[in-house]
Amino acid sequence: MRSPVQALLWQVVARHRWWFALGGVYLVVAAIVPQVLSPQTLALRVNDISPPAVGQYLAAGCAGVLLHWMLVFVAGGGELERSALFKRSLVLPVTSQRLALVPMLAGAAALAAGWCYSVLAVMRPAGLTVPLAWPAAALALFLAVLQVVSWLPLARPWLRIVLAVPLLCLTVAAALLLALSGLGEGLTAGILAAGWLAMLWPAERAVALARRGDTIDWPGWQRLAERVARLRPRARPFRSPDAAQLWLEWRAHGWLLPVAIAALVVMMGGLFLLADREKIELGWRFLHLLLVMPVLIASTLGANLGKQDFSSGYELSPLLAARPISSARWVAAKLWMCAASAAAAWLLVLAATLLLLFRPGFQQSVLQAIETAGPVRSTALALAAVGGLIVLTWVQMASSLWVSLTGRAWVANGFAFVLVIGILSACTLAVAFVLYPDAKQSLVAALPWLIGLLLAVKALVAAVILRELLARGRIRAADALRLIAVWLAALVASWLIGQRLAAELGLAVASGQLLAGLALVIPFSRLAGAILALDWNRHR
Amino acid sequence: MPPAFREEPVAEVRDLTRRFGDKTALAEVSLAVPRGVVYGLVGANGAGKTTLIRHLLGLLKAQTGAVRVCGRVPVREPVEVLSRVGYLSEEIDLPGWIRVDELLAYMRAFYPTWDDAYAEDLRQQFELDPSAKLKALSKGQRARAGLIAALAYRPELLVLDEPSSGLDPIVRRDILGAIVRTIADEGRTVIFSSHLLDEVERVSECVAMLKEGRLVFAGPLDDVKARYRRLTVRWEATERPPALAGVLGWRASGREWTAVACTSTEELAIRLSAYGAEILEQRPLSLDEIFLAQSAREAQSAEA
């Protein structure tokens, strides 16, 4: 490194270089797409009021890339429990001002340049009408606020959330108000840039505090916590090793999903009750959002539930790895934890659903829907839908457990990489089907063969995993048979429910195709493979 | 020979080799840990002590060679082996959010032989607040909490991996006390790795030294110490004494030369007399001195 600035930048960027490369490739490809496609294709829309479909799709990718850049420049690699700054950077012979300024300037420049490139090279050529200057300045300001909040050495992690939520909401609100005030794009951008400059002083103070080892605390909270701790009864003995392990898993991970749901419900509660109270349709939209939330959050949590706890690394602590519990029983404890977590999250969702009934007219709308469908039918449908979503929440958490149970960061990163590529490919395919209906027909025709092939691969992988588990003595033959029986029971039950639902909803789905599709999506290898993954982690 | 040495060893390693990429962490290590002894593992940082211990616990799988603990293969039968082993590692890397009483309740569930009274006795002796979270404890207090968790079920084999590294003398005393207490129970064994050699010498009956993954020596401490002596030799010739097999690091002080010998005195006296030299004095060495002499020899061999 030729200069401290270069070294500081390298420290922030080097760990993420492959993701930067992937983002860069995406931005280049996204700029080529509008040049290659015809104007008619670029003008395609899902409905009359929505923006051009291709432009939306490309813009979503650009937003993802910019979001990644933002996260990189916020969390340098330190522990958020104290300060997100690199510990080693705090003892470097550079001033606090420079230590704060380098990532702030680099981050702001990267985001502003990334935004301008996305607008000029991707979004506008794809037919989107997007402002250029003020969002670039707003992004830089948003990042600066996030950096200050992350760098402040706070004694309690939750204080950061308490500080971050109102500050970030205020930043977004201020940017939107300025943009809507009719000041003009240049002036709005100038005011937001001045806001960014104003963040330099608190950023420098945050770094200086962190360097001195000072922490910002709330002593009253500490006294309260100590008083509460004294009131808490002594820990009681567990009934069995499984109960002890389940307790540990719950304390390490189980609470995350319910707490995330509770936080979202609290944040959205006011919106549920106040937003455009005349529109009954909005109530139904909120309901859909509430029902989808646990599944979406569970899918993001799943791949981290195999770690010791949510903030630890992937490798298992030797002290925990040396507990006399089999890998199969350990995984079983994790699966029960996922079930308990999903159940707790859904209790909160159902409680929040009651909030919606306080929206004017929504209760009547629900009753009307029940009357139209018939009370028995609608109750059965609601139960099936909620039951299905609860199971889906559990599946989202449980089926990705194997990723972090391997204890290898490269597996987790590789999985995330493949997932991103998969999502991008699926979106590209979806856009392609809109553009080329013939291709869709060909795929539909080939679908039975494709499903058959995937089922064969699935059966082969399952057989290999079961054989390995039996050969290593991690499960007995009876356990293997039980696993297969449970999977078959789940398949048959979901097939019967699926057939009934399809009939109720008037969907024309062939019974065989439904069975094959369900056999493909109901996890087996991913759950059984979690035992092998943990074994690989514990016995390296 | 003590009775323990005639029984089946509690832990046995044969021709164990382990590589991490290009680095050989263990090279054909073979040793047997007799039942009912304190077995000290010594060696510099990176010598392979932790790697060896992790193989004994089944946390690492033998690439070549074999490992048996309590008559079983740890990787094949982890539950059976781990339920008989108490383990305390250098990094007390337990979750920080767990309280002391929760940790003990959690650990208790896994061991039918857990002794509540003993655990409580140790907790009071170590002055640990049951409601304190581990992250609020000092490193020494965390080590004490880990020690209770490793001792309270009176394991057949207690494995301590650098337990006193970075700790103050009072915590080190507690750890040594725990070793003595464990061994006071009939038939229990302690494997204790450290680079604090005076500690190892104070409590160990057997010792093994690892150097860059290779076993330098292993056996009863008395035998090892009997093998090494510091010699003072009268050397009349002007030139340096010749390199003799089993003699390490000649040093001059006038006409008297000193060296560490690890061969029989009689044989050495005959060889030295051929050069006109005479052994004036010989005295036993501490483990620390043996370690330094061996390290110097390894460095010399590497240079050669």
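Helices α11(A) and α15(A) are oblique to each other, a class that takes the angles left over when under 35 degrees is roughly parallel, over 145 roughly antiparallel and 65 to 115 roughly perpendicular. The model is predicted: local features need pLDDT of at least 70, side-chain atom pairs count only at pLDDT 80 or more, and totals for chains, interfaces and linings use all residues. Residues are numbered from 1 along each chain as its sequence is written, while chains are lettered from A and ligands numbered from 1 in the order in which they are written. Helices (H or I, at least four residues) and strands (E, at least two) are DSSP runs, numbered from the N terminus.

**α11 and α15 of chain A**

- α11(A) packs against α15(A), residues 327–356, at about 50°, and the axes are 8 Å apart.
- Axes here are lines fitted to C-alpha atoms, for helices over the stretch in contact, and angles run from 0 to 180 degrees between N-to-C directions.
- The crossing of α11(A) past α15(A) is right-handed; that term applies if the near helix is turned clockwise from the far one by less than a right angle, and left-handed if anticlockwise.
- From α11(A), the residues that meet α15(A) are A:Asp242, A:Gln245, A:Leu246, A:Glu249, A:Trp250, A:His253 and A:Gly254.
- Their partners in α15(A) include A:Arg329, A:Trp330, A:Ala333 and A:Met337.
- Contact means C-beta atoms, placed from the backbone, within 7 Å.
- Seven nonpolar, four polar and four charged residues form this contact of α11(A) with α15(A).
- Nonpolar covers Ala, Val, Leu, Ile, Met, Phe, Trp, Tyr, Cys and Pro; charged covers Asp, Glu, Lys and Arg; the others, Gly among them, are polar.

**Where chain A touches chain B**

- Chain A puts 31 residues into the contact, and chain B puts in 28 residues.
- On the chain A side, α10 (219–231), α11 (241–254) and α14 (318–321) each supply at least two residues.
- α11(A) gives the most to that side, with seven residues.
- The chain A side divides into 16 nonpolar, six polar and nine charged residues.

**α4 of chain B**

- Helix α4(B), residues 100–108, is mostly covered, with eight of its nine residues buried.
- Buried means 20 or more other C-beta atoms within 10 Å of the residue's own, exposed means 12 or fewer, and partly exposed lies in between; C-beta atoms are placed from the backbone.
- Among the buried residues of α4(B) are B:Val100, B:Glu102, B:Leu104, B:Tyr106 and B:Arg108.
- Their cover includes α11 of chain A, together with α5 (116–125) and α6 (139–151) of chain B.

**Chain B overall**

- Chain B has 11 helices and 13 strands.
- Its C-alpha trace spans about 70 × 40 × 40 Å along the principal axes.
- Of the 304 residues in chain B, 44% are buried.
- Among chain B contacts between residues at least 6 apart in sequence, 70% join residues at least 24 apart.
- The domain assignment of chain B gives domain 1 (3–224) and domain 2 (229–284); such bounds come from an automatic or database domain assignment.
- The C-alpha centres of these two domains of chain B lie 40 Å apart.

**Other helix pairs in chain A**

- α5(A), residues 96–123, and α6(A), residues 133–151, pack at about 150° with axes 8 Å apart.
- That angle makes α5(A) roughly antiparallel to α6(A).
- α5(A) passes α6(A) in a right-handed crossing.
- Residues of α5(A) in this contact include A:Met104, A:Gly107, A:Leu111 and A:Trp115, and those of α6(A) include A:Leu139, A:Leu143 and A:Gln147.
- The contact of α5(A) with α6(A) has 13 nonpolar, two polar and no charged residues.
- The axes of α20(A), residues 437–471, and α22(A), residues 511–521, come within 10 Å and cross at roughly 40°.
- α20(A) is therefore oblique to α22(A).
- This crossing of α20(A) past α22(A) is left-handed.
- A:Ile451, A:Leu454, A:Leu455 and A:Lys458 in α20(A) meet A:Ala516, A:Gly517, A:Ala519 and A:Leu520 in α22(A).
- By class, the contact of α20(A) with α22(A) holds six nonpolar residues, one polar and one charged.

**A:Ala31**

- A:Ala31 lies in α2(A), residues 17–36.
- A:Ala31 is partly exposed, with 18 other C-beta atoms within 10 Å.
- Leaving aside neighbours within four places in sequence, A:Ala31 is in contact with A:Ala121 and A:Val122.
- A:Ala31 and A:Ser327 are 296 residues apart in sequence and, C-alpha to C-alpha, 49 Å apart in space.

Technical notes
Contact = placed C-beta atoms within 7 Å.
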